[in-house]
Amino acid sequence: MSTTTTSTAVLDATGQYYKEFNEQIRELVRQGVTEFRLDNVNGQRYIATGLEGDFIFEINGLPGQDLAAFTRGARIRVNGNVQDGVGNTMDDGKIVVDGMGGDVVGYAMRGGAIYIRTDVGYRVGIHMKSYLDRRPTIVIGGKAGDFLGEYMAGGIILLLGMFSDKSDAPITGRGLGTGMHGGVIYVRGNVPEHQLGPGLRSRPVTPEDMQVIEGIVRDYATELNLDAEEIFSESFTKIRPFSHRPYGNMYVPT
Amino acid sequence: MKAPERYYDFQKDISGCGVFGVIDTKRGLIPGQVPIDGMACMHDRGNGLGGGFAAYGIYPEHADKYALHLMCDHQQALTSARELILKYFEVEHDEPIPTRQTPVISNPPLVWRYFATPRADCPADCQGLPEEDFVVALVMKINTTVPGAFVFSSGKNMGAFKGVGYPEDIADFFRVDEYFAYLWTAHNRFPTNTPGWWGGAHPFTLLDWSIVHNGEISSYGINRRWLCENDYLCTMMTDTEVVAYELDLLVRKHGLSRRMASKVFAPPFWDEIERMPDKERNLYTALRMTYGSGMLNGPFAILVGNKDGLWGLNDRIKLRPLLVAEQGDKVFMSSEESAVRTVCPQLDRVWMPKAGEPVIVDLEA
């Protein structure tokens, strides 16, 4: 009888071109390795992209564009910042970033969760959607740029605005949820009406919303070692479209 | 190397591109290897059809002379350009720009540099022009009338080095690693709509202005016509050129601050102007009405260098990435954070500027 030992593969990314680096990871995956620690990562693109299965990654450094794009199931922790396109079209899994996020975090994300500790860039959660039991979730501890949740069709974005480098900036930029027709954006505190995209309204959260928020916040706080109670010390606002199909009559009026 | 026939049929340059800039506000000298390594980290943002660098503070021994960098297709072009330069300029010193033979840079132009000042006894067409206008006029004259010759840099105590290739290869060719500067900008090009050619690589420069750009100036047509009315001729077949000339027009000639010029390039939206207090509302309304033809539409992240410092700006809805990082007296601006971490792993602060908000870092006097 063979015994399996769980062992973490440790890879050093120093000076490695992204193709060779990702080939090493793929080769280890083929050999059955499921846990990885990637050290000295700096700008290597496409890490954990397209992986399917229950993998665990600890990334030390700064992964490049499209970290975990199209991934299904991997759990990734980044000790540091990330660049643009994290979780692009990801299907399932969890990405925890103990730092700052770039532009288009969670682009067209269809499932799983992305937690960012501090600020994020522009167009985060653009084209996010849910499908059957998949309900993608993005939590942003800091502030967001313009067009958060643009064209959002499903899932949850939770914006806290607490752990930000930008003390003077509003919690979100202009065009929040522009073109949104599904899903929900929760914001800690309030959003000025003029920051909202057209066809949206902001309302205080309901007890049912609070249940959802509480579940997400507790997990977020645990993952990032934060005080959940402090996060709950302020009320939340919910942003949704006015109607079921806000753009239904845009091109072909019925 | 000259713009091909009917170059005006080429409209614009849609690009992936990477930009990188670094400044030491106390004028400490930064080796060329720093921007080279930063650009090499972003190798995949370009496709080998353009790379370049601008360096400030590299000619201290000729600091009060205009450094004219010239690229020529052939010896005849070099000779003709030389005749013209000697007619209009007092040349203190001239020499070939030092280069290295490299396996990857094929068929480079002849490159030469002059350290010069305008002649008082120049031909009549430039008599009496203020010195800087004189230099601009001569750059335009050479670029449009001397076949095969291009002035690609014309500022004092600064120089551009650029061509067709990846930036690290262009750096190798121009021996950029041997220069030390207190301000660098660098570019990695991914041209899609216009040809990759030596003069069309970034930075674009005029006097001590240099600009590197990631994006596409969709308003190129109207910008070019507006510049033409103001005696700037676009000859480089690519959109970024208009930014260099607009900078010269707005800041040097019209006396706008760099912050105000940023608001010409990337104005606030009308709905934002509506919400402003009276004074700002009037200002931004006037600015949009006066300089509507100078507005840059389309995606851009640009870095501008000049004698005063480094200036970064995004289009007003941030369609291209730009990141700022600080470490001691140094400030970095880059398309990707990894490029900065490559040359400076420990940073005091890293942040992404707001769309349309300039980041201006001045050199200390």
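Author: We start with handedness: the crossing of H3(B) and H6(B) is left-handed. A crossing is left-handed if the near helix is turned anticlockwise from the far one by less than a right angle, and right-handed if clockwise. Helices are DSSP runs (H or I, at least four residues), numbered from the N terminus. This is a predicted model, in which local features need pLDDT of at least 70 and side-chain atom pairs count only at pLDDT 80 or more. Residues are numbered from 1 along each chain, chains are lettered from A, and side-chain values use heavy atoms, without hydrogens and water.

Reader: At what angle do H3(B) and H6(B) cross?

Author: Two packed helices are described by the angle between their axes and the distance between the axes. Here helix H3 (residues 131-145) of chain B and helix H6 (residues 240-253) of chain B cross at roughly 165°, and their axes come within 13 Å. Axes are lines fitted to C-alpha atoms over the stretch in contact, and angles run from 0 to 180 degrees between N-to-C directions.

Reader: How are H6(B) and H7(B) oriented to each other?

Author: The axes of H6(B) and helix H7 (residues 258-265) of chain B are 10 Å apart, at an angle of about 130°. The two helices are therefore oblique, and their crossing is right-handed.

Reader: Which residues of H7(B) make the contact?

Author: B:Ala261, B:Val264 and B:Phe265 do, against residues of H6(B) including B:Leu247 and B:Leu250 (contact means heavy atoms within 4.5 Å).

Conventions
Parallel < 35°, antiparallel > 145°, perpendicular 65-115°, else oblique.
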